[in-house]
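Hello,

Here is the structure I said I would pass on. My notes are below it.

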Amino acid sequence: MGGGESTPAPTPTPPPKKEFDKEWRETHWSKVERDRMVDDLRSFKLSDPDVGQLRCLLYGPVGAGKSSFINSVNNVFQNRTTSGALVAAASGLSFTMTYDTHYIQGRSGEKRLPFAFNDVMGLETQKNGLHPDDIINALKGHLPEGYEFNPFHPLSDQKKEFIQNPSLSDKTHCLVSIVSADKISRMPEDVIAKMKNIRAEASRLKIPQVVVMTMPDKACELVNKDVKRIFYSKAIKEKMQICSNELGLPMNCILPVKNYHEEGRMDNNMDILILNAMTQIMNFANDYLWNLQQHAIQK
């Protein structure tokens, strides 16, 4: 009987790691940092004080979390659950039907905070949902408060409610695309095309733009277990890269947040992500006002 050596069993290939060894976007998660950002945003000084509030226009596909983001920001500053922007729990259709401004209340006795949101009807495939021309009307400040969206007929400059000579306060100071991390790779091509056209018009108007990427917990089990792993996650970085490629914004303008949805109490780590996003949005919007001022001076 031959006594040859037995062939060793092949070493099993370990499963690919789901996270990086180092955080790829450095983030400070302390309560002290959270409170500092809240204070900085409460006392934020506008480049043009006459504007009153920096106006952020939120748009994106139906169900991406536009209204939830507004409520989440409000939660952070009120330090409790709020419901200023009505949210549909589960629907394939847009829940936002009118153009309304959402302000954030200051502390007791304080005036409202120096930023405001406009939430618009969601983008849908083909001719459903918000008409892109109405987002462009909103960018330019032509839409009146309470305007009711019509997917087939955007507001015409012939209508009496059309704001013919909008003030700087009426105009958008930062365009915020809201997309969900778990659906970014399945967004319909015609919705992406609408978003790109709106971005192109905003760029022509020199309005700054960011993407707020919601629902990272649905796109990555690491984040679902611990929000602080978000910038270690390979899945989240990959989703952000897809978002960057599809919409044409650089990675540093893509801001992942986890909106308040089912949580019954406040969470410091969720707050940090929301505050990081708001700080960048505010800085971009304020830079836009400053640039407008400089051009006015030069003229």
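Predicted model: local features only at pLDDT ≥ 70, side-chain atom pairs only at ≥ 80, totals over all residues.

Numbering starts from 1 along each chain as its sequence is written, and side-chain values use heavy atoms, with hydrogens and water left out.

The protein has 8 helices and 7 strands (DSSP runs numbered from the N terminus; helices are H or I with at least four residues, strands E with at least two). Of its 299 residues, 49% count as buried (under 20% relative accessible area, 1.4 Å probe, protein chains only).

The 7 strands form an open, mixed sheet in the order β4-β2-β3-β1-β5-β6-β7 (two strands pair if DSSP finds at least two bridges between them). β4 (147-148) and β7 (254-256) are at the edges with a single partner strand each, so one side of each has no neighbour in the sheet. Strands β2 (residues 98-103) and β3 (residues 115-119) run antiparallel and are joined by 4 bridges; Thr101 stands opposite Asn118 in β3.

Helix α4 (residues 189-204) has 16 residues, which should span 22 Å at 1.5 Å a residue; its end C-alpha atoms are 23 Å apart, which agrees (the expected span is 1.5 Å times one less than the number of residues). Its buried residues include Val191, Ile192, Met195 and Ile198, as well as Lys194, Arg199 and Glu201. Just after α4, Lys206 takes a positive phi of about 65°.

Regards

Terms used
Buried < 20%, exposed > 50% of the residue type's maximum accessible area, 1.4 Å probe, protein only.
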